Amino acid sequence: MPSSNRSLRSVAFLLSNLATESVELPRFLKREQVIALLLGGIGAAVLGAVDDLLDLRARWQLAGQLALGLFAVWLGISIDFIDNPFRR
């Protein structure tokens with residue numbers, strides 16, 4: 001598949017996520033957290049599009065993902081609880 005089609009899929013995925021997440025803010029998140037999550041999603045989509053266009057090596061993909069993770073932590077995103085979906 002040509003790389004231009006792959007990058008267009010990344011952009012389409014980003015736009016669909018932005019459209020669904022901007023409809024209503026989740027009640028348990030603060031406005032700043034939602035903005036941070038949207039910025040992280042944009043960053044991940046940009047990283048994916050750059051990877052599609054330039055065929056980045058795995059180390060640069062990992063470095064970008066780590067940078068996005070550190071950015072999320074810096075903006076105050078944390079996971080306080082993980083539920084077990086298999087628990088009865």
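Arg-87 and Asp-83 are joined through their side chains by a salt bridge, with 2.8 Å from N to O. A salt bridge here is a side-chain nitrogen of Lys or Arg within 4 Å of a carboxyl oxygen of Asp or Glu. The model is predicted: local features need pLDDT of at least 70, side-chain atom pairs count only at pLDDT 80 or more, and totals for chains, interfaces and linings use all residues. Residues are numbered from 1 along each chain as its sequence is written, and side-chain values use heavy atoms, leaving out hydrogens and water.

**Salt bridge**
- One salt bridge is found in a search of the whole structure.
- Arg-87 has a relative accessible area of 56% and is exposed, whereas Asp-83, at 42%, is partly exposed.
- Buried means under 20% relative accessible area, exposed over 50%, and partly exposed in between (1.4 Å probe, protein chains only).

**Asp-51**
- Helix H2, residues 31–54, contains Asp-51.
- Leu-56 and Gln-61 are touched by Asp-51 when residues up to four places away in sequence are not counted; contact means heavy atoms within 4.5 Å.

**Whole chain**
- The protein chain has three helices and zero strands, where helices (H or I, at least four residues) and strands (E, at least two) are DSSP runs, numbered from the N terminus.
- Of the 88 residues in the protein chain, 12% are buried.
- Among contacts in the protein chain between residues at least 6 apart in sequence, 63% join residues at least 24 apart.
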